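The sequence and the structure are shown first, and the description follows.

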Amino acid sequence: MNDVLFFVHSGIGRITLNRPRALNSLNHGMVRAIAGQLEAWRSDPAVHAVLIDGAGERGLCAGGDIRAIHEDAKAGGTASLRFWADEYRLNALISRYPKPYLALMDGLVMGGGVGVSAHGSHRIVTERSRIAMPEVGIGFVPDVGGTYLLSRTPGQLGTHIALTAGSIDGSDAIHCGLADHFLPSARIPELPDALASHGPDAALELLTEPAPPSDLAADAAWIDHCYAADTVEEILTRLHSAGGAAATAAKEIEAKSPTAVKVTLRALRAAATLPDLESVLDQEYRVSYHLLRTAEFAEGIRAQIIDKDRCPRWSPATLSEVDDALVGSCFADLGDDEPGLFTPGR
């Protein structure tokens, strides 16, 4: 299929996301094709490592095909649920892949793009990297293992990233544990041949360099204090009191879906206590299932992606209207609709 390209060169299996006009956003066919190819390469002695990158100059991947999800949500369909189930299985497969899995996180890497990169064994950023989990801005919650990754950052940096929906650069990503290596973009063309000649670790040792200082690390004191609060309301109170960049962060959070912000905070706190990526992905699937059925999600996509008026009409409109029962309902068991993401034979 043309949306994703596969080939093997000198022992390196290459995956190139090939929808540059759509910022390489993932559709269901791409997810299934990547999973199938990884399974084939797992036992192929001719493939020693895998490298994933994105076609074009703008980035690796801007996430899932949000327009298709919007149409499915409006119609009350189930196509998005099947897509997420297979996507989350792919995220888990990448995290436990037995061969080196290198992700070139150059340019824009958002949502589903994080899922196919930040769970790999060798995660490479550049000075052009802009990495984000912007879901609360569309009435949704970080998924594809995003709450697993963000709940395990130093201090409260992941909570700040999730609730503001802000993007971070390559240095921040390395500091937060979402990436490992800093590669100047001018050296990207050297990477495939270096991998073929030297193998992953030696090639990266040869080409990469120390990342610049992380801005997030410099802000850790106020971030850790403010976001350690137990509720979104208290987080906002602390941010406003701190002033400066913290007050700016508060305004960003206040513009997001009140429901999504509260559900995200609970999801992050719960993810931090869960034992592994698979258990977090199971939780994310339940949350995604319930949010797909809300008008909130469809309205967020409409305002940000479809009509682009940037004026979502959130319902509930305020944090005070989002009670514990509403938040808890997003984590409820699915009964017969539970897909058994990681149950053999399902």
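Just after helix 16, Lys308 adopts a positive phi of about 55°. The model is a predicted one. Helix 16 itself spans residues 295-306, and its buried residues are Glu296, Phe297, Ala298, Glu299, Gly300, Ile301, Arg302 and Ala303. The cover over these buried residues includes helix 2 (66-75), helix 3 (79-95), helix 14 and helix 15.

**Helix pairs**

Two packed helices are described by the angle between their axes and the distance between the axes. The table sets out two such pairs.

| Helix pair | Angle between axes | Distance between axes |
|---|---|---|
| Helix 11 (residues 220-227) and helix 12 (residues 232-242) | roughly 145° | within 8 Å |
| Helix 14 (residues 258-271) and helix 15 (residues 277-292) | about 160° | 10 Å |

Helix 14 and helix 15 pack at an angle of about 160°. Helix 14 is therefore roughly antiparallel to helix 15. The crossing of these two helices is right-handed. Helix 14 contributes Val263, Ala267, Ala270 and Ala271 to the contact, while helix 15 contributes Val280, Gln283 and Val287. By class, the residues of this contact comprise 6 nonpolar, 1 polar and no charged.

In the other pair, Trp222, His225, Cys226 and Tyr227 of helix 11 meet Ile235, Arg238, Leu239 and Ala242 of helix 12. The residues of the contact between helix 11 and helix 12 comprise 6 nonpolar, 1 polar and 1 charged.

Strands of a sheet pair through backbone hydrogen bonds, either parallel or antiparallel. In what order do the strands of the open sheet of 6 strands lie? The order is 1-2-3-5-7-10, and the pairing is mixed. Strand 1 (4-9) and strand 10 (181-182) stand at the edges with a single partner strand each, so one side of each has no neighbour in the sheet.

Strand 5 (residues 101-105) pairs with strand 7 (residues 122-125) in the parallel sense, over 4 bridges. Within this pairing, Arg123 in strand 7 is the bridge partner of Ala103. Strand 5 also pairs in the parallel sense with strand 3, over 3 bridges. Here Leu51 stands opposite Leu102 in strand 5.

Is strand 5 enclosed or open to the outside? Because 5 of its 5 residues are buried, strand 5 is largely enclosed by the rest of the structure. Tyr101, Ala103 and Met105 point one way from the strand, Leu102 and Leu104 point the other way, and all are buried.

Helix 1 (residues 28-42) lies across strand 1, strand 2 (12-17), strand 3 (49-54) and strand 5, and it runs at about 20° to strand 1. Helix 9 (residues 200-207) packs on the sheet and touches strand 3, strand 5, strand 7 and strand 10. The direction of helix 9 makes about 20° with that of strand 7.

Strand 4 and strand 6 (residues 108-110) run parallel and are joined by 2 bridges. Cys61 stands opposite Val109 in strand 6.

Definitions and conventions
Residues numbered from 1 in each chain as written. Predicted model: local features only at pLDDT ≥ 70, side-chain atom pairs only at ≥ 80, totals over all residues. Heavy atoms only, no water. Axes fitted to C-alpha atoms, helices over the stretch in contact; angles between N-to-C directions. Contact = heavy atoms within 4.5 Å. Nonpolar A, V, L, I, M, F, W, Y, C, P; charged D, E, K, R; others polar. Pairing = 2+ DSSP bridges. Parallel < 35°, antiparallel > 145°, perpendicular 65-115°, else oblique. Left-handed = near helix turned anticlockwise from the far one by under 90°. Buried < 20%, exposed > 50% of the residue type's maximum accessible area, 1.4 Å probe, protein only.
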